[in-house]
Amino acid sequence: MNRGLLDTSVVIDHDLIDAKRLPDESAIAAVTLAELSAGPHATDDENERARRQDRLQWVAATWDPLPFDADAARAYGRVFAAVRAAGRTSRSRLADLLIASTAIANELAIYTRNPSDFRALEKIVDIVAL
């Protein structure tokens, strides 16, 4: 049985992804729930706002998010160091790096539609591109 942490991109496109490509047991990070909670407020389009709200409600009912806890905070140090060593910046990608830290702390692979968001982390966390 494979287990994985779904990146926000996977949660957003969940209904477009072949279920066979997803882990048998999946989780999301609290950071993903935060990103999705902001989503309805980030658009002026009423139809898009409703769609985002529906997605948020579905996600909240489907998963109990993994917290960004002390273990994830310690893992963030390794994530930050890997990104910096690769010459990349961390500020604009903070949510992705916090999600990666949560995956590391929980010993889970990251399933993502945007593997480039996690470039430079391949040595410390498994990244599954969908």
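The following legends describe close-up views of a predicted model.

**Figure 1. The largest pocket and its lining.**
The largest pocket has a volume of about 150 Å³. Its lining is made up of Thr8, Ile12, Glu35, Leu36, Gly39, Glu48, Arg51, Arg52, Arg55 and Leu56. By residue class, this lining comprises 5 charged, 3 nonpolar and 2 polar residues. At least two lining residues come from each of the helices α1 (8–12), α2 (30–38) and α3 (46–62). The greatest contribution is that of α3, which provides 5 residues.

**Figure 2. Ile12 and Arg51 at the pocket lining.**
Both Ile12 and Arg51 belong to the lining of the largest pocket. Ile12 is part of helix α1, whereas Arg51 is part of helix α3. Ile12 is partly exposed, its relative accessible area being 35%. Arg51 likewise counts as partly exposed, at 40% relative accessibility. The C-alpha atoms of Ile12 and Leu36 are separated by 8.4 Å, with the two residues 24 apart along the chain.

**Figure 3. The buried side of helix α2.**
Val31, Thr32 and Leu36 are the buried residues of α2. These residues lie on the same side of α2 because they cover an arc of only 140° around the axis. The elements against which they pack are β1 (3–6), α1, α3 and α5 (94–105).

Thr32 lies in helix α2. This residue counts as buried, with a relative accessibility of 0%; the cut-off for burial is under 20%. Residues up to four places away in sequence aside, the contacts of Thr32 are Leu6, Asp7, Thr8, Val11 and Ile99. Thr32 and Leu94 are 62 residues apart in sequence, and their C-alpha atoms are 12 Å apart in space.

**Figure 4. The nonpolar cores.**
The largest nonpolar core contains 21 residues, of which Leu5, Val79, Leu97, Ala100, Ile110, Leu121 and Val125 touch the most other members. Helices α4 (70–85) and α5 each supply at least two residues of this core. Its largest share, 6 residues, comes from α5. A second, separate core has 13 residues, among them Ile17, Ile28, Leu36 and Leu130.

**Figure 5. Contacts of Leu5.**
Leu5 is among the residues that touch the most other members of the largest nonpolar core. With neighbours within four places in sequence left aside, Leu5 is in contact with Ala27, Ile28, Ala29, Leu66, Ile99, Thr102, Ala103, Leu108, Ala109, Ile110 and Tyr111. Among these contacts is Ile28, a residue included in the second core. Another contact, Ile110, is itself one of the residues with the most contacts to other members of the largest core.

Most residues other than glycine have a negative phi. Glu107, by contrast, has a positive phi, near 55°. Its place is in the loop between α5 and β3 (109–112). Glu107 is exposed, at a relative accessible area of 71%. Ala120 also has a positive phi, of about 90°, although this residue is not a glycine. Ala120 is placed in the loop between β3 and β4 (127–129).

Met1 is located in the segment before β1. Its relative accessible area of 78% makes Met1 an exposed residue. Not counting residues up to four places away in sequence, Met1 touches Asp24 and Glu25. The C-alpha atoms of Met1 and Gly77 are separated by 29 Å, the two residues being 76 apart along the chain.

How values were computed
Residues are numbered from 1 along each chain as its sequence is written. This is a predicted model: local features need pLDDT of at least 70, side-chain atom pairs count only at pLDDT 80 or more; totals for chains, interfaces and linings use all residues. Side-chain values use heavy atoms; hydrogens and water are left out. On a 1 Å grid over the protein atoms alone, a cavity is a set of points where a 1.4 Å probe fits but cannot get out, and a pocket is an open set with protein on both sides within 12 Å along at least five of seven lines; lining residues have an atom within 4 Å of a point. Grid points are joined across faces, edges and corners, and a volume is the space filled by probe spheres set on the points. Helices (H or I, at least four residues) and strands (E, at least two) are DSSP runs, numbered from the N terminus. Ala, Val, Leu, Ile, Met, Phe, Trp, Tyr, Cys and Pro count as nonpolar, Asp, Glu, Lys and Arg as charged, and the others, Gly among them, as polar. Buried means under 20% relative accessible area, exposed over 50%, partly exposed in between (1.4 Å probe, protein chains only). The arc is that of the directions from the helix axis to the C-beta atoms. Contact means heavy atoms within 4.5 Å. A nonpolar core is a set of buried Ala, Val, Leu, Ile, Met, Phe, Trp, Tyr and Cys residues joined through side-chain atoms within 4.5 Å.
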